[in-house]
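Please write a short report on this model.

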Amino acid sequence: MDWFLWLHAEHGIKLTIFYDHWDRGRFIKGIWTTIHLSFVTIVLSIVIGIIGAWFQKSRFIWIRTIVQGYIQFFRNTPPLIQLYFFYFAMDTFLSGIFNIHGGILGSYGWAVVSLSFFAGAFNVEIFRAGVEAVPESTVESAISLGYSRRQIYQYVTLPLAFRVCLPALNNNLINLIKTTTVAYAIAVPETLYVANQIWSDEYNVLEMMNVVWVIYIIIVGFLVWLMHRWERSTRIPGFGQ
Amino acid sequence: MNPLSHIINSTDLPVMKPFNYTVSAALQARDIVKFSLNKRTALVLILVLTAWLGIDAAYAQVQGDPNQTILQTLIKWTPLMFFGPPNEFGGFVLNITVSFIAMAMGTFMGLWVGIGQVSPNKIIRRASWLTTQLFRNSPWLVLLFYFMFLLPYTVEIGGIRYDIPGWIKATFALSLPIMANLSEIVRGAINSIPTGQWESAQSLGFTRRQILWQIILPQCIKRMIPPWMNWYCILTMATPLISILGVNDGMTLTQHALAAEARSEFLIPMYLWLMTWFFIYSYPIALYTQRFERRFTITT
């Protein structure tokens, strides 16, 4: 702490987050919001992916068309505009319909919804490819053992598919964490937003920019490490390298 | 879609079938095209559109201003949102321009960093690896902020001051993550060429530089095109981020238009309208990417 004060006094490097109580508090809260937001959207997007991949196997063409339309829409439009669309347009529209004053969800809630749908669109494709990698003979054996369609998906197809998906899923989830910064645009108090507040108050743009950069690389690095461990522990023997 | 796909696809599979998620997606995308060109679907679409126009006009009548239908408002603002303010560079055209320039710069830099990653020189290899990892793992928006604040607002060349427009700095910032990701693609492609190619070229007396530029890289191009196109799509989808930093792109102008109208029922159509442009631009590229990918996985 004294060292950072000395750094400021001697070299003009102003890292207020290490000695200013107020700045440190809000910065830690910002990092926590980023982690929280990432975690919730990761879980929701995986759920969307699993359900979407299930629906893509549906017997009805219109269900498959809807899922495909959802995927293509969210993949081929910018995530920032999706976020604005949900936060500004959908919120006004829905609160108008249900006559709710002051909006349905806050900025955090809409960021969760929008980012989950965005990453979920990619996850559906990833899981579907994983499901298709499961050999028919495995599914047929499950049928002959008397499993129902849902049970086959839950106990046979999905656990196998999940393991093949992991590298692709890994990439997508990392991308999702990086995309959470977009929530800055609708004033979700995540790391980048809080850092912006701090450098507006303290005039230490360069220092805070570097800190933010390092923080994101640490968070992303942690997820990469975690997913690689998971990938190794659930590896199918004889599959892959 | 997945930069690792060529590695994953090329494995022997005792337990599972190959994992490649773009191939069958292409077939399904084709189904969608067929589905939407279907006569019945076209009829439904036309009916929905007519119904919407009718409701739109009726609603405007009820509101007491028949000249303010949603359709008319969209048409009124479209030139601004698309081409930017008169005599100024902006709008959706700016988004596309930024994506072109950033892609060109990113490809050029990424090629060199990627070659650096397979250099026999340890220092160059480590430095290229670090550059790649650093820019690959940091969020685009953070990079945008970083370079918008770091780069100067004006430069002096030969005593004359030139202003650097915000969008040029933004373009540079956007080219960096492209550089890092293409560097990985180049490295992966070079490593995917069998070592026999290197060895036979060596035995024919080629130097290392000649082998790389005349034998290895030409073979890599085919493998690099699908991921390269994919990254172009991702970059185009990231260009509205520059609106956060105050560049007059399509997104900023749409918000100005919405602020000028100040009517909440325009929100959904306007945002959807803007998203439609991005979709129309990006979806064919995505389809072609899938087609290329499928063609190349069969032949290799």
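Helix H2 (residues 21-56) of chain A packs against H3(A) at an angle of about 140°, with the axes 8 Å apart. Axes here are lines fitted to C-alpha atoms, for helices over the stretch in contact, and angles run from 0 to 180 degrees between N-to-C directions. Helices (H or I, at least four residues) and strands (E, at least two) are DSSP runs, numbered from the N terminus. The angle makes H2(A) oblique to H3(A). Angles under 35 degrees count as roughly parallel, over 145 as roughly antiparallel, 65 to 115 as roughly perpendicular, and the rest as oblique. H2(A) crosses H3(A) in a left-handed sense. Left-handed means that the near helix is turned anticlockwise from the far one by less than a right angle; clockwise is right-handed. On H2(A), the contact uses A:Gly52, A:Phe55 and A:Gln56; on H3(A), it uses A:Ile63, A:Arg64 and A:Val67.

The model is predicted: local features need pLDDT of at least 70, side-chain atom pairs count only at pLDDT 80 or more, and totals for chains, interfaces and linings use all residues. Residues are numbered from 1 along each chain as its sequence is written, while chains are lettered from A and ligands numbered from 1 in the order in which they are written.

Helix H6 (residues 122-136) and helix H8 (residues 166-192) of chain B pack at about 125°, axes 8 Å apart. That makes H6(B) oblique to H8(B). Their crossing is left-handed. Among the residues that meet are B:Phe135 and B:Arg136 in H6(B), and B:Met179 and B:Glu184 in H8(B).

| Helix pair | Angle | Axis separation |
|---|---|---|
| H2(A) and H3(A) | about 140° | 8 Å |
| H6(B) and H8(B) | about 125° | 8 Å |

Now the interface. In chain A, 50 residues are in contact with 44 residues of chain B. Contact means C-beta atoms, placed from the backbone, within 7 Å. H3, H4, H5, H7 and H9 of chain A each supply at least two residues of the side that touches chain B. H4(A) gives the largest share, ten residues. By class, this side of chain A has 32 nonpolar, 13 polar and five charged residues. Ala, Val, Leu, Ile, Met, Phe, Trp, Tyr, Cys and Pro count as nonpolar, Asp, Glu, Lys and Arg as charged, and the others, Gly among them, as polar.

B:Leu141 touches residues including A:Thr181, A:Leu192 and B:Ile244.

Chain B has twelve helices and two strands. Of its 300 residues, 35% are buried. Buried means 20 or more other C-beta atoms within 10 Å, exposed 12 or fewer, and partly exposed in between, with C-beta atoms placed from the backbone.

Two backbone angles deserve a check. Most residues other than glycine have a negative phi. A:Ala187 has a positive phi of about 60°. A:Ala187 lies in the loop between H7 and H8 of chain A and is partly exposed, with 13 C-beta neighbours inside 10 Å. A:Tyr203 has a positive phi near 55°. A:Tyr203 is in the loop between H8 and H9 of chain A and is exposed, with 12 other C-beta atoms within 10 Å.

Terms used:
Two residues are in contact if their C-beta atoms, placed from the backbone, lie within 7 Å. Lists of a residue's contacts leave out its neighbours within four places in sequence.
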